[in-house]
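Hi,

Here is the structure I promised to pass on.

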Amino acid sequence: MAHRVLHLSDTHVSRTGPDEDGVDGLAALNGLLYDVRRVPELDLIVVSGDIADDGSEEGCTAVRRAVGEFAAERGIPHVYCTGNHDRREGFTAALGSGHFGPDGLSIGRRADVAGAIAAVSEIAGLRVITLDSLIPGETHGVLGDDQLDWLAAELETPAPAGSIVVLHHPPISVDAIPYLESVVLQEPEKLAGVVAGTDVQAVLCGHLHHQLSGRLGDKPVWVTPGVVTRVDLTAPSALVRGVLGAGATIIDLGGPFAPMFHTLHARSPQAGTEVYVYNPLTGADAAENF
Ligand SMILES: [Fe+2]
């Protein structure tokens, strides 16, 4: 049983439109959706957090409308989780459990976990689980024990086509880029322990705005590039450079070589234009020194 997923993340749309760096995430999202309009046989769209740059209901609603329209045209579901920029009130008001059928109606079963918007749905045999790693006011993420216990209970019974787990903060980092460890999911070994030996096919994340694959125990982890901006490893290791150029991933599950991750980038003449360079440990703008 094969599934093809369009994985988006970090749209960063605000109540007034642009993000805190002045970038129009909704325009980036619409351009990307236009460029992927001919990608065949999509079964599902996943958006792994930082939906709203300012945590607003309006930002989440704008993204849900754009993605929902694309999904409705194809008759496929669309699923969202929270990111560090989101606020649970705004997310819930616009997106509920975060799981929508092609008709825009909720298909998610919300976890009974206080202070977290975790949910699950089953899409043509594939179990889709969204987790909530948001800590209000913080950049890094964490999964509470209640949420991990709920996840473990959900995974006790295998799904016909296995499961995917979607959360904003990657449970992996890169040793050569020291600041990454402070902004990703803390205590990743707890999540590793829960998913080990289960039917989870892949753990799908965002947050870093750059594409990155790794392994959490026996499970593949994929970090999709950002929609609003992309970050890569070409800046000196103490700095982060964000550039324009919306990215996304096509993920193929269930085939003989699965999971497979194919990244693509929107065809924008502005792609590669620098948006910011800063030192993530001090917050200092480093554009003039770079
Ligand atoms: Fe982000």
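Below is what turned up, starting with the sheets.

Two housekeeping points: this is a predicted model, so local features need pLDDT of at least 70 and side-chain atom pairs count only at pLDDT 80 or more, while totals for chains, interfaces and linings use all residues. Residues are numbered from 1 along each chain as its sequence is written.

Seven strands make an open sheet with mixed pairing, in the order β5-β6-β7-β8-β9-β11-β10. (Strands are DSSP runs of E with at least two residues, helices are runs of H or I with at least four, and both are numbered from the N terminus; two strands pair if DSSP finds at least two bridges between them.) At the edges you'll find β5 (109-110) and β10 (212-216), each pairing on one side only. Inside the sheet, β7 (residues 126-130) runs parallel to β8 (residues 163-166), joined by four bridges; I129 has V165 in β8 as its bridge partner. Helix α6 (residues 188-195) packs on this sheet, touching β8, β9 (200-205), β10 and β11 (219-223), and its direction makes about 70° with that of β10.

There is also an open sheet of three strands, antiparallel, in the order β12-β13-β16. Here β12 (230-231) and β16 (274-278) each have a single partner strand, so one side of each has no neighbour in the sheet. Four bridges connect β13 (residues 240-243) with β16, and G242 sits opposite Y276 in β16.

Now the helices. α2 (residues 57-74) packs with α3 (residues 88-95) at an angle of about 40°, their axes 8 Å apart (axes are lines fitted to C-alpha atoms, for helices over the stretch in contact, and angles run from 0 to 180 degrees between N-to-C directions). From α2, E57, C60, T61 and R64 meet G90, F91, A93, A94 and L95 of α3; contact means C-beta atoms, placed from the backbone, within 7 Å.

Finally, the core. The largest nonpolar core has 77 residues, and I45, V128, L131, V165, V166 and V203 touch the most other members. (Such a core is a set of buried Ala, Val, Leu, Ile, Met, Phe, Trp, Tyr and Cys residues joined through C-beta atoms within 7 Å; buried means 20 or more other C-beta atoms within 10 Å of a residue's own.) The largest share, six residues, comes from α2. Leaving aside neighbours within four places in sequence, V203 contacts V165, P171, V195, L216, K219 and V221.

Cheers

Technical notes: Two residues are in contact if their C-beta atoms, placed from the backbone, lie within 7 Å. A residue is buried if 20 or more other C-beta atoms lie within 10 Å of its own, exposed if 12 or fewer, and partly exposed in between; C-beta atoms are placed from the backbone.
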